[in-house]
Amino acid sequence: MAGYEHGSDGAWDEYEWERFLQQQDHKTEKYMELLEKYLDDPQRDQIIAREMGWSQLLDGKGWSDEVDALLAEESGASEDEAQSSSQFTSPGDNFEDHSLYRAAFSLTIWIDQLFDSDASLQSEPSAVKLATHSALASAKLAAALSDDDVDEIGMTIAYLKRALKAITVSMDAAGSLQAEKRITGAQHSALQQRLFQVRDGIITLMGEYRGEWRRRFGSR
């Protein structure tokens, strides 16, 4: 979480977390682009370190372990960043037990079964978008619901917003599949029901967390 510090009250709101997560997305994308570009270059590690601003790695010592740690930090994948608040679940509850996560995971299973029933969908852009963004929504929900740290309500909301964005893209992809007649009306109806269940659940949960944020910190 280099470059970011919590405010004096120790809690970020959803917008501060969103800015932070966007920054980490950009850094991760830059790293992956550099890795692909210089994959076969004998000076790859030094070039990437210089381009990423990782001056401590320019001497080439301990690259493998250090770069893993730095990338984990800058991609938001460190243990501290993976924690999210949930006063709505008791300590020890697993995100996999949350009804909203189960609905999202069930959606990904349903889509897998759809692909199994029609292998041609695996090369259909709209179907691929549906599958990838539904899986992304499930992953963001896991991040949002993975812990009980009540000090990070803002991060939970930020991850829920990302899950909502992903599920909205999935809904658009489902509409394209129906318009292109790649799925039947019955399949589209079943898919929409599952997508709306996840979407509405995210919206409801976001409202609950925002209410809790206002109760704890006001509307700053």
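User: Let's start with Glu124. Which residues is Glu124 in contact with, leaving aside its neighbours within four places in sequence?
Analyst: Those would be Leu177, Glu180 and Arg182. Bear in mind that this is a predicted model. Glu124 itself sits in the loop between helix 5 and helix 6.

User: What makes Glu124 count as buried?
Analyst: Its relative accessibility is 14%. Buried means under 20%, so Glu124 gets that label.

User: How do you know that Ile47 counts as buried?
Analyst: Ile47 has 11% relative accessibility, so it falls under the 20% cut-off and is buried. You'll find Ile47 in helix 2, where Asp45, Ile48, Ala49 and Met52 are also among the buried residues. Not counting residues up to four places away in sequence, Ile47 touches Tyr38 and Asp41. Ile47 and Leu34 are 13 residues apart in sequence, with their C-alpha atoms 8.4 Å apart in space.

User: And what follows helix 2?
Analyst: Gly53 does, and its phi is positive, near 80°.

User: What makes helix 5 and helix 6 roughly antiparallel to each other?
Analyst: Here the axes cross at roughly 155° and come within 9 Å. That angle is over 145 degrees, so this pair is roughly antiparallel. Helix 5 passes helix 6 in a left-handed crossing. Among the residues that meet are Tyr101, Phe105 and Phe115 in helix 5, and Ala127, Ser134 and Leu141 in helix 6.

User: Okay, aromatic rings next. How many aromatic pairs does the count come to?
Analyst: Five, counting ring centres within 6.5 Å of each other.

User: Why is the pair of Trp213 and Phe217 called tilted?
Analyst: First, the ring centres are 4.3 Å apart, so they're within the 6.5 Å limit and do pair. Then the planes stand at 45°; under 30 degrees would be stacked and over 60 edge-to-face, so tilted is what's left. Trp213 and Phe217 are four residues apart in helix 8, which puts about one helical turn between them.

User: Are Trp213 and Phe217 buried or partly exposed?
Analyst: One of each. Trp213 has 7% relative accessibility, so it counts as buried. Phe217 has 25%, so it counts as partly exposed. There's also an aromatic cluster formed by Trp12, Trp17 and Phe20.

User: Last one: where is confidence lowest and where is it highest?
Analyst: It's lowest in helix 4, with a mean pLDDT of 41, and highest in helix 5, at 95. Over residues 77-92 the pLDDT is below 50, though this stretch has 52 contacts in the model beyond near neighbours in sequence.

Key: Residues are numbered from 1 along each chain as its sequence is written. This is a predicted model: local features need pLDDT of at least 70, side-chain atom pairs count only at pLDDT 80 or more; totals for chains, interfaces and linings use all residues. Side-chain values use heavy atoms; hydrogens and water are left out. Rings of Phe, Tyr and Trp (its six-membered ring) pair if their centres lie within 6.5 Å; planes under 30 degrees apart count as stacked, over 60 as edge-to-face and the rest as tilted. Helices (H or I, at least four residues) and strands (E, at least two) are DSSP runs, numbered from the N terminus. Buried means under 20% relative accessible area, exposed over 50%, partly exposed in between (1.4 Å probe, protein chains only). pLDDT is the predictor's confidence in each residue, from 0 to 100. Contact means heavy atoms within 4.5 Å. Axes are lines fitted to C-alpha atoms, for helices over the stretch in contact, and angles run from 0 to 180 degrees between N-to-C directions. Angles under 35 degrees count as roughly parallel, over 145 as roughly antiparallel, 65 to 115 as roughly perpendicular and the rest as oblique. A crossing is left-handed if the near helix is turned anticlockwise from the far one by less than a right angle, and right-handed if clockwise.
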